[in-house]
Amino acid sequence: MSTGVAEKTQKTIGGIRRKFAPWNDPQAVPLIRYQNVTKRFGEFTAVDNLSLDIYEREFFALLGPSGCGKTTLMRMLAGFEEPTEGKITLAGEDLVGTPPYKRQTNMMFQSYALFPHMSVWDNIAFGLRQDRMEKGAVAARVEEMLKLVKLEKFAKRKPHQLSGGQRQRVALARSLAKRPKVLLLDEPLGALDKKLREETQFELMDIQMELGMTFLIVTHDQEEAMTVADRIAVMNHGKLVQVAPPAIIYEQPNSRYVADFVGDVNILDARVESIAPGAVTLRAEAAPDMSIRVSQECPAKVGDTVAVALRPEKLRVELDPPADPSVNCLSGTIWDIGYLGDLSIYHVELPNGTRVKAAKPNLTRMVERPITWDDKVYVSFTPDAGVVLTS
Amino acid sequence: MAVKSRGRWLVLAIPYLWLVALFLVPFLIVFKISLSQDAIAQPPYEPIFDLSAGWEAFKDAFSQLSFENYSYVLSWDNEFIEAYGSSLWIAGISTLLLLIVGYPIAYGMARAPKSIRPTLLMLVILPFWTSFLIRVYAWIGILSPEGLLNQLLMALGIISPDAPLQILATNTAVYIGIVYSYLPFMILPLYSALEKMDDTLLEAAADLGCPPFAAFWKITWPLSLPGVFAGSLLCFIPAVGEFVIPDLLGGSDTLMIGKVLWTEFSVNRSWTVSSAVAVLLLMVLVIPIVFYQNLQAREVEGR
């Protein structure tokens, strides 16, 4: 399926930025293995016969709506839940039955769970003292962690004397202090405002690379997952729907669910008309007078009903039809326009009433746009814009 | 605006008026009696302030007030100091026992499923629906030599029928009575402190390598301390001045200041000495109350 998708996943290993993709390497040994794991709470199945491998130094994101089982999956690794069936191994060691206080994982909690009666310093030192680490070493490690999260001046404060962002940093420092094999982050940035969240995402990536640790993050925020993760697992109803690097999740979703959950998308029902090597011709129900060409190996047979996923930013809206005949083109009328400043979102109504969204960057400074309500327009896209989905 | 602020003053004034009329004024009366001398009269003390007798008489009466009763109460020759000490000791031991009994109960309640917590709270409060006096009397029936406890132990063959346990009329019975009667006052503040504790703190402790028992001492116990102090003071303060329980369940050797005060008042008919005993008891108890207030203020600040 690799059609030259730019891999954003590169890691600085030994001072050189390298492509990081151990999941493609058959020799690589996973650090964490979920093997046919099922977790039931009474009648409810939170995780359903799920298998997943996560590699060392990977920044792995579990993405899904609330109730999809992502948090349960993480809590089983931390030891707060035991799987009903299946096996979880960490560095080859079977974890089932090991209590959380004996596992080499540390977790950063969504609520931060800082000990309110202890200072920042004592919070960070807590785990180290549990290990009976020698006093000088504890102090050195705590200082190092405070420096890492830039909180040296706040060591003596109690959690209630800190801002939300500072508490988040203390929680991060505390969970990193023991140098766990895996750091688990449960919606770590959920309580921060947008700007701070974006800054912190990049800091998390820096810290992860600096310490060379494996991070597993649970989030419902697809942008966050896309930003930080090497690979994303999209979950639904306790199952993995797709596990892939962010660019593949976005550009080559394997199902309507993934396409719809990650980013904005237009999904058109269509019938396969003809198949050629690396090319499919389809006829969409919404535009029966035009055929749509998609340059990919067809996952279906001629005559099958499939769906075409089209990202709004890959659609062009013009008043005139495109000159190039190889470009797909649908005609319609402007139903609504959303002006976002950087982008304008055109909602175009196709002849049968289906509406598609096209995002157009506002490249020039212009108050009056040439396209307006009820204009007859042409929506065009190249063959490599669409993705054929069978499920 | 004026009407509004007058309304506000009225609302503020009512509780103050209440406190002045029903707490401060009676206290001042008792304090004045404690500075007077016994007399064979009605009321049985002098001087009596009588404003109708004129200013000179008032000044004369005022000059008769003295701290004589206090030096009498505080002299080592009398049993008062011993009674104060013994009361503090019995109240202290009782508070400790209450804490030992009450903490696990409150902890269990706070950890119980949310759906059954109201029922458990109800069960703790339920005994209040029966008169305190009747409940203490009931313990006589349980603890007396031919009471229910001894009958049970004899029936089970644990003690011989000729040697019943002598619990009634001992300090043990007083401890049992105080622990039984005051338990809700210990459980409720402990429960409220434990219930609002965030469970993820214990998960975080476990995650950082802390086994459950250690996590209890490092996290749960320190965070429940406000409840421990509140419950302890709520039990300790009234227990020091307790009269009914030592009177009904205690023996002749149970020395508690409440009993001494009652004897002084109704047997010795000395209003003045018993007033001095009461005022001194208040002074002794003001110290822990102030301590508690400080603690609460600090906690509020900490939020």
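Student: Which helix of chain A holds M76(A)?

Tutor: Helices here are DSSP runs (H or I, at least four residues; strands are E, at least two), numbered from the N terminus. M76(A) sits in α1 of chain A, residues 70-78. Keep in mind that this is a predicted model: local features need pLDDT of at least 70, side-chain atom pairs count only at pLDDT 80 or more, and totals for chains, interfaces and linings use all residues. Residues are numbered from 1 along each chain as its sequence is written, with chains lettered from A and ligands numbered from 1 in the order in which they are written.

Student: Is M76(A) buried or exposed?

Tutor: A residue counts as buried if 20 or more other C-beta atoms, placed from the backbone, lie within 10 Å of its own, exposed if 12 or fewer, and partly exposed in between. M76(A) has 23 within 10 Å, so M76(A) is buried.

Student: Which residues does M76(A) touch?

Tutor: Contact means C-beta atoms, placed from the backbone, within 7 Å. Leaving out residues up to four places away in sequence, M76(A) touches V37(A), K39(A), E81(A), P83(A) and I88(A). For I88(A), 12 residues along the chain from M76(A), the C-alpha separation is 8.2 Å.

Student: How many residues of chain B are in contact with chain A?

Tutor: That would be 16 residues of chain B, against 18 of chain A. On the chain B side, α9 (199-207) and α10 (212-240) each supply at least two residues, and α9(B) gives the most, with six.

Key. Contact = placed C-beta atoms within 7 Å.
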